[in-house]
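Reader: I am new to reading protein models. Could you walk me through this one, step by step?
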Amino acid sequence: MKRVLIRRPGSHRVLEVVSEPDPVPGPGQISIRVRAAGVNYADCVVRMGYYEAAKDLYPITPGFEFAGMVEACGPGVTEPGPGQEVFGITRFGAYASRIVVEPWQVWPCPEGWTFSECAGFPAVFLTAYYGLFKAGRVGKGEILLIHSAAGGVGTALLQLSRIAGCRACAVVGSGRKAGLCRDLGAEAVIDRSSQDLWAMAESLAPKGFDAIFDSGGPATLKAGYRRLAPGGRLVVFGFSEMFPRGRDPNLLGLAWEWLKLPRFSPLDLTSSNRGVVGFNVVRLFSQRDLARSAMGEMLGWIKEGRLRKVPVAEYPLESVVEAHQALESGTTVGKLVLTV
Ligand SMILES: NC(=O)c1ccc[n+]([C@@H]2O[C@H](COP(=O)([O-])OP(=O)(O)OC[C@H]3O[C@@H](n4cnc5c(N)ncnc54)[C@H](OP(=O)(O)O)[C@@H]3O)[C@@H](O)[C@H]2O)c1
C-alpha cells in the first residue's frame with residue numbers, strides 16, 4: 001500500500017508518500033481499498049503541528065475521511081462484506097491506498113455518487129450538522145451568518161441551514177465564490193474583499209443574527225459577537241485566519257494572532273443574553289451513536305434529493321503537496337480530494 005507520511009510537523013516538504021505492506025484487519029475490523037480521501041483544512045493544521053488531537057501521534061498519516069471498496073473482513077465481521085462500496089470516517093490515516101477501520105465508521109455509498117464525491121462528504125457534513133443542530137441549536141426562521149461559506153464546511157452549512165428552515169447569509173473572501181453560495185441557498189452573499197462586511201451584515205440583519213458560524217478566528221470573532229441578536233450564539237470551530245495564506249506559519253506570528261483572540265466576559269454574556277460555543281467534531285469518535293444517527297439522517301436527505309453532492313476538485317495521492325497548497329491559498333471552492 002501507499003500512504004502519505006508526516007514524520008515531523010512542518011512545511012509542505014514534510015509530506016512524503018511511502019510504500020509498505022498492506023494492513024490486515026484484526027477481530028471486529030474491515031480493510032478498505034481506498035479510492036479517494038477528503039482533504040480538510042484541519043489536515044494542513046496537522047501537518048503544521050498545531051492540531052491538538054494529533055500532537056502525540058507523529059509519525060502520522062493525516063486524513064479524516066475516505067471512500068472505497070471493502071477488501072477483507074476480520075474475524076467476527078460479516079457486514080459490510082468484501083466488494084461493498086463504502087465511505088467513512090477515521091481519526092487520521094485516510095491519506096492511503098488501504099485503511100483498516102471498524103464497521104461503525106462506514107456507510108454505503110449513495111447511489112450515483114462517485115468515490116470522490118463520497119470521500120468529500122462525511123467530515124464537512126458531520127461538522128456542519130453538529131455545528132448547526134447541537135452547538136448552534138438553530139431553529140426555523142432564524143437568520144444566520146456563515147463565514148467562508150464557499151468552502152467545504154461552509155457549503156455543507158449552507159445546505160443544512162436550508163433544510164433547517166433558516167435564512168443564511170454567506171460571507172466569502174472573493175467575488176467568484178458568490179455564485180456557488182447562492183446556488184446552495186444563501187439568501188445574501190457578502191464578498192468581504194470588495195464590501196464592508198459589517199456594514200452589509202447590519203443591513204441584512206438590523207436586529208442581529210441568531211447564530212454566527214466562525215472558522216476564521218481573531219479577525220471576526222469580536223465584531224461578530226457584537227452583531228448577535230439577543231439569544232444569539234457565536235459558534236466557533238476553526239482559526240484559519242491565524243495562519244498565513246500559502247506560507248509556513250512562524251511561532252511569533254501565531255503568538256501575535258493568539259493575543260488578538262477576544263476574551264468574552266461572563267457578565268456581558270449574561271446581561272446581553274448571548275452565547276459563545278466551540279466544538280471539535282473529532283470528539284464524535286467517542287460519541288459514535290451521535291455520528292451514526294446524524295449520518296443516517298443526512299443519507300435520508302440525500303435520498304429525498306434535499307442534499308446535493310459536494311463540488312470536488314481531485315488531486316492524485318502523489319500530488320498531496322499541491323492539494324495542501326491549493327487549500328491553504330484560500331481560493332478553493334467546495335471540497336478537495338486525493339484520488340488513489
Ligand atoms: N471544529 C471542527 O470540528 C472542525 C471540523 C472541520 C473543519 N473545521 C474548520 O473549518 C474551517 C473550514 O475547513 P474546510 O476544510 O472546510 O476548509 P475550506 O473552508 O474549504 O477552506 C478554508 C477557507 O477558509 C478561508 N480562510 C481564511 N483564512 C485562511 C487562511 N489563512 N488560509 C486558508 N484559508 C483561509 C478561505 O475562504 P474565504 O476567504 O472565502 O473566507 C478558505 O477557502 C477551517 O478553519 C477548519 O479548521 C473545524
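This is a predicted model: local features need pLDDT of at least 70, side-chain atom pairs count only at pLDDT 80 or more; totals for chains, interfaces and linings use all residues.

Reader: How many helices and strands does the protein have?

Author: There are 11 helices and 15 strands. The radius of gyration of the protein is 20 Å, close to the 20 Å that the globule rule gives for 340 residues, so the protein is as compact as a globular protein of that length. Along the principal axes, the C-alpha trace spans about 60 × 45 × 40 Å.

Reader: What share of the residues counts as buried?

Author: Buried means under 20% relative accessible area. By that cut-off, 55% of the 340 residues are buried. As for the accessible surface, the total is about 14,900 Å², and 52% of this belongs to carbon and sulfur atoms.

Reader: What can I learn from contacts along the sequence?

Author: Take the contacts between residues at least 6 apart in sequence: 67% of them join residues at least 24 apart.

Reader: Now for the helix. Which residues of helix 11 are buried?

Author: Helix 11 covers residues 320-329, and its buried residues are V320, A323, H324, A326, L327 and E328.

Reader: What covers those buried residues of helix 11?

Author: The cover includes strands from both ends of the numbering: strand 1 (2-6), strand 2 (15-19) and strand 3 (30-39), along with strand 14 (312-316) and strand 15 (335-339). Helix 1 (41-48) is also part of that cover.

Reader: Where should I look next?

Author: Look just after helix 11, where G330 takes a positive phi of about 75°.

Note on methods:
Residues are numbered from 1 along each chain as its sequence is written. Side-chain values use heavy atoms; hydrogens and water are left out. Helices (H or I, at least four residues) and strands (E, at least two) are DSSP runs, numbered from the N terminus. The radius of gyration is taken over C-alpha atoms; the globule rule is 2.2 Å times the number of residues to the power 0.38. Buried means under 20% relative accessible area, exposed over 50%, partly exposed in between (1.4 Å probe, protein chains only). Contact means heavy atoms within 4.5 Å. Accessible areas come from the Shrake-Rupley method with a 1.4 Å probe; for residues, only the protein chains shown count as cover.
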